[in-house]
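Hi everyone, thanks for making time.

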Amino acid sequence: TTTNAQILFTDAARSNSIVNPLLRGISRLDDGMLDPRPQSGSPALTGGLTPPNDGFYQQSGHQGAFKTVNWAADWTALAEYRVLNGAGGGVPTTTVSVPSIVAPTLSFSVSGGSFTLESASQMGRTYRLQSAESLGNPVDWNDIGAPVEGTGSTLNFPQPISAATNAFYRILVQ
């Protein structure tokens, strides 16, 4: 009878080879010695098969799941259990451009029994009016009202004048 191993490892059409892949570290213990990336000179660093031309697969140029990035270090429980070490951890990332926060330009106006703090705003940012009774170290800032979403235009934060007795104000932009 033919065994599965005989079929998998002797059938040349399956492109399997029996070689030492020269991995950086092998361990099944919680000693942090598992590093599945191939060492320099490993046969796994070359010889990737040509994938089907179906628009889904991409040519990798290497064999196996790892090359230089140990992507498993960032999302598997093996890292948490200290089996997998974090060397080479990370996934290739795309840089995302996030607009910087523009410091608010504040103005102040009084009308009747209230005062209004006004601030230019940015779309995609949240503005919080906060107050503190003193400017000690640390300052204990407290939110006044709900956060307000930036609109790209001027935001108004009206307050009764009676609330302003011995208070400091700021607008926190996030």
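Let's start with Arg 37, which forms a salt bridge with Asp 35, with the closest N and O atoms 2.8 Å apart. Before I go on, keep in mind that this is a predicted model. So, are the two partners buried or exposed? Arg 37 is buried, and Asp 35 is buried as well. To count as buried, a residue has to have under 20% relative accessible area.

How many salt bridges does the structure hold? There are 2. In the other one, the side chains of Arg 128 and Asp 143 meet, at 2.7 Å from N to O. Here Arg 128 sits in strand S5, residues 126–132, while Asp 143 sits in strand S6, residues 142–149, so the pair ties together parts that are 15 residues apart in sequence.

The largest pocket comes out at a volume of about 250 Å³. It has 15 lining residues, and the closest to the pocket centre are Val 19, Pro 21, Ala 44, Gln 63 and Gly 64. What kinds of residues make up that lining? By class, there are 10 nonpolar and 5 polar residues, and no charged ones.

Let me pick out Gln 63 from that group. You'll find Gln 63 in the loop between S2 and H2. With 33% relative accessibility, Gln 63 counts as partly exposed. Now look at Gln 63 together with Ala 44: along the chain they are 19 residues apart, but their C-alpha atoms are separated by 4.8 Å.

Next up is the second largest pocket, which holds about 180 Å³ of space. Gln 63 turns up in this lining as well, and so does Gly 64; others on the list include Ser 15, Leu 49, Tyr 57 and His 62. By class, this lining has 4 nonpolar and 8 polar residues, and again no charged ones.

Gly 48 is another residue that lines the second largest pocket. Where is Gly 48? Gly 48 lies in the loop between strand S2, which is 35–38, and helix H2, which is 77–80. At 22% relative accessibility, Gly 48 is classed as partly exposed. If you go from Gly 48 to Ser 153, you cover 105 residues along the chain, and the C-alpha atoms are separated by 55 Å.

Let's move to the surface. Which residues form a nonpolar patch there? They are Leu 8, Phe 9 and Ile 18, and together they have about 320 Å² of accessible area. Of these, Ile 18 is in the loop between helix H1, residues 4–10, and strand S1, residues 23–25. Ile 18 is exposed, at a relative accessible area of 70%; the cut-off for exposed is over 50%.

While we're in this part of the chain, have a look at Leu 22, in the loop between H1 and S1. What about the backbone there? Phi of Leu 22 is near 50°, which is a positive value in a residue other than glycine. Leu 22 has 28% relative accessibility, so Leu 22 counts as partly exposed.

And then there's Ile 7, which is in helix H1. Ile 7 is partly exposed, at 34% relative accessibility.

One last stop: Gly 88, in the loop between H2 and strand S3, which is 106–111. Gly 88 has 31% relative accessibility and counts as partly exposed. Gly 88 and Leu 34 are 54 residues apart in sequence, and in space their C-alpha atoms are 12 Å apart.

That's the tour. Happy to go back to any of these spots if you'd like another look.

Methods
Residues are numbered from 1 along each chain as its sequence is written. This is a predicted model: local features need pLDDT of at least 70, side-chain atom pairs count only at pLDDT 80 or more; totals for chains, interfaces and linings use all residues. Side-chain values use heavy atoms; hydrogens and water are left out. On a 1 Å grid over the protein atoms alone, a cavity is a set of points where a 1.4 Å probe fits but cannot get out, and a pocket is an open set with protein on both sides within 12 Å along at least five of seven lines; lining residues have an atom within 4 Å of a point. Grid points are joined across faces, edges and corners, and a volume is the space filled by probe spheres set on the points. Ala, Val, Leu, Ile, Met, Phe, Trp, Tyr, Cys and Pro count as nonpolar, Asp, Glu, Lys and Arg as charged, and the others, Gly among them, as polar. Patches are made of residues with over 30% relative accessible area and no salt bridge: like charges are joined within 9 Å, nonpolar side chains (Val, Leu, Ile, Met, Phe, Trp, Tyr) within 5 Å. Accessible areas come from the Shrake-Rupley method with a 1.4 Å probe; for residues, only the protein chains shown count as cover. A salt bridge is a side-chain nitrogen of Lys or Arg within 4 Å of a carboxyl oxygen of Asp or Glu. Helices (H or I, at least four residues) and strands (E, at least two) are DSSP runs, numbered from the N terminus. Buried means under 20% relative accessible area, exposed over 50%, partly exposed in between (1.4 Å probe, protein chains only).
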